[in-house]
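Hello,

I am passing a structure on to you, and I hope you enjoy looking through it. Please open it first and then read my notes beside it.

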Amino acid sequence: MFEEYDDYRKQIREFGLKEFTDEVAAKYDRGEEYPDYLRKKSLSLGIVDMQNPAKILIAIEELCRIDAGLGISVTTPYFGAEVLMLFGNDKQKEFLNDVYSGKYVLGLGVTEASGGSDVAHIKTTATKKGDKYILNGSKMFITNGAIADYLVVLARTSDEDKPHHGLSTFLLNTKLNGFKANKLTGKLGVRATNTAELTFDNIELSSEDLIGEEGKGFYYIMTFFNISRIYVAAQGLGIAEGAFDKILEYVKANEIKDENTMFEIADVATRIEATKELTYNAASYLFKFEPRPQLTSMAKAYAGETAVYASEKAMEILGANSLEENVERIFRNAKIMEIWEGTSEVEKLVISRFILKGE
Amino acid sequence: MSNLNEENNILRDTVREFCEKNLDEKKIEEEKIDNNINSLLASQGFMGAKISSKYGGSELDDISYHIILEEFSKYSPSIAMKIFMINSLYLPSVINTEYESYLQDVSSGKMNVSVDFMNNKYKLEYGNNINGTVENILNTDSENIVLFDGKTTIVNGPFKTREKDFMGFKGLKFGSIELNNKYNVIDKNSRKEKIMEDSYNDLSAIALGIISGAVDKAMDYSRVRTVFGAYLKNYEPLVFRLSEMYSKENILRSILYSNLDKYYTFNFAMNSIVEIARFSVNTHGGYGYFKDFGVEKFYRDAIILKSVFYGNSELKQLSNHVYSEKLTFI
């Protein structure tokens with residue numbers, strides 16, 4: 001699947017191997033610093049092509065295979081773009097060109113401290129006042145939160161009987177008065193990525209900042225997650241492949257031939273192959289505009305678990321040699337795959353609900 | 001725990017109280033174990049837990065020693081690892097040698113020591129001095145170090161060290177040591193294999209502490225965290241798994257303190273530790289991924305413990321023990 005992009009895959013890998021050296025990856029990991037120069041470089045070389053979802057998928061997989069901290073940093077400055085692409089007005093869609101060109105960094109503000117996966121119960125409000133909305137509240141664990149120029153933000157615009165009703169999405173300029181971002185540090189992994197806690201204090205938004213229709217925010221965000229989860233699956237797949245690369249390198253270099261290790265290699269390889277099939281299969285439906293959310297969730301959950309599984313196996317097989325940074329970093333990076341964009345538990349609920357509905 | 005008596009329970013309470021009163025586990029992870037902590041641990045007899053009283057040690061029995069390791073590990077696995085290195089690795093390395101007297105300064109916290117248990121292949125040259133680099137050493141700020149280069153060698157510092165970031169047991173300094181130092185061969189044979197095999201229950205006690213800390217944090221969080229309008233403790237899949245893990249914790253404690261069989265116990269501990277520490281992170285969601293919640297450290301330390309101390313060699317030892325013969329594998 002996606003064989004037509006083999007040359008592109010090769011180009012991405014060459015870029016990653018050249019730029020994501022161990023020294024660079026270790027530096028940004030240790031310093032918990034966002035590598036903005038790599039974002040700009042990848043754009044100038046046309047590495048990330050947001051107009052082609054298959055290319056995004058491949059770029060994410062290949063770059064995360066080399067280093068997930070840097071790979072995710074380079075491929076998430078557009079995070080939330082699909083909401084604007086699908087539901088935004090003409091001006092907002094036009095704005096995306098500035099995001100794709102690298103002029104602006106975008107982010108998505110959905111998660112709140114009170115409940116990561118519980119989107120319907122968010123507490124941030126956008127109260128209508130004349131032709132304006134007044135935004136108040138806070139967001140937690142927001143990727144690009146402290147570096148984004150704009151954020152797609154989910155807020156409650158009305159109280160309804162069903163909590164997922166009455167939510168709306170806005171495009172927020174982070175230069176507006178009342179916006180504050182507090183960079184969060186001390187993450188286990190993907191430390192080159194920027195994560196922040198945001199506060200909104202009486203931020204005035206115009207009606208033009210509203211994305212799509214008022215009250216449809218929950219639907220927009222769920223639609224977005226059904227797309228973005230395939231990219232998280234690609235992150236997990238890439239991490240697992242990167243861990244497997246380290247296993248093979250070590251086993252070959254040390255001429256390890258015991259049967260137990262051979263079985264471990266076979267198990268990791270099998271899980272990676274299954275992850276790849278699941279991910280590419282779900283992506284193929286999505287990219288034909290025939291999304292199958294249960295397949296996307298299967299891919300995301302399984303890829304996350306495979307990333308963790310492969311990285312733990314890499315640590316175990318390499319033993320004390322795993323203490324070299326480039327292996328232990330893979331292990332630390334992998335864990336977030338089971339958590340963000342919907343924990344594995346939430347994905348399992350999505351999968352079973354769709355199956356029981358007969359879809 | 002039926003095998004523990006009143007004295008054991010008092011010791012457990014004492015260690016807990018000591019940790020809560022004197023140690024800041026986040027500070028230990030960030031700033032390392034310093035001389036003040038060393039002195040404090042020594043003054044309470046923890047540093048020389050197994051060392052003979054003639055060298056100022058506490059000369060504790062195995063159960064008491066394991067209680068100490070478990071309780072420290074639950075609070076700060078780095079402290080437990082330090083105590084383990086002294087009592088389970090250094091002590092049997094120097095016992096019955098002329099260096100046994102070093103134990104006096106070790107138990108009093110005056111001398112920091114290390115044992116290289118991570119390296120299998122050395123490229124060292126032996127002349128008047130020992131020369132070469134030893135990578136991946138825990139406790140690089142040591143005054144002397146024991147190496148197992150086919151034999152058992154003690155090397156006296158000071159050492160030229162290069163510190164590196166280390167994912168696990170962050171309270172201990174880690175890195176490489178460049179040797180151009182005086183040395184003495186303690187034993188013409190390497191004592192490593194026997195020392196490691198004898199330490200299975202000690203390592204299981206550290207694992208138990210990590211498991212217990214991870215399970216406690218996850219269960220506490222499940223009681224206070226609400227999601228989708230209900231407490232986490234009201235969700236079947238999560239609570240079923242946490243309960244299974246709590247059961248495993250108690251099985252491990254039971255087999256460890258009943259001294260069932262060190263091979264079985266160690267195997268059970270190593271097969272449980274990573275899964276449980278990982279699930280504790282999962283239970284905390286995004287918060288689990290940040291150091292502030294004090295749960296990701298259990299996951300880091302769990303994988304290091306398993307990766308470094310448990311592999312094919314240990315599985316072979318288990319199999320030999322189970323089959324009661326030295327098996328030959330194709």
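This is a predicted model: local features need pLDDT of at least 70, side-chain atom pairs count only at pLDDT 80 or more; totals for chains, interfaces and linings use all residues.

Residues are numbered from 1 along each chain as its sequence is written, while chains are lettered from A and ligands numbered from 1 in the order in which they are written.

Chain B has three parts: domain 1 (6-107), domain 2 (113-190) and domain 3 (199-323), with bounds from an automatic or database domain assignment. The C-alpha centres of domain 2 and domain 3 of chain B are 31 Å apart. Four residues of domain 2 of chain B are in contact with four of domain 3 of chain B (C-beta atoms, placed from the backbone, within 7 Å).

Now to the sheet. In chain B, four strands form an open sheet in the order β1-β4-β5-β8, with mixed pairing. Strands here are DSSP runs (E, at least two residues; helices are H or I, at least four), numbered from the N terminus, and two strands pair if DSSP finds at least two bridges between them. β1 (113-115) and β8 (183-187) of chain B are at the edges with a single partner strand each, so one side of each has no neighbour in the sheet. Strand β5 (residues 152-156) of chain B pairs with β8(B) in the antiparallel sense over four bridges, and B:T152 stands opposite B:D187 in β8(B).

Happy exploring!

How values were computed:
Two residues are in contact if their C-beta atoms, placed from the backbone, lie within 7 Å.
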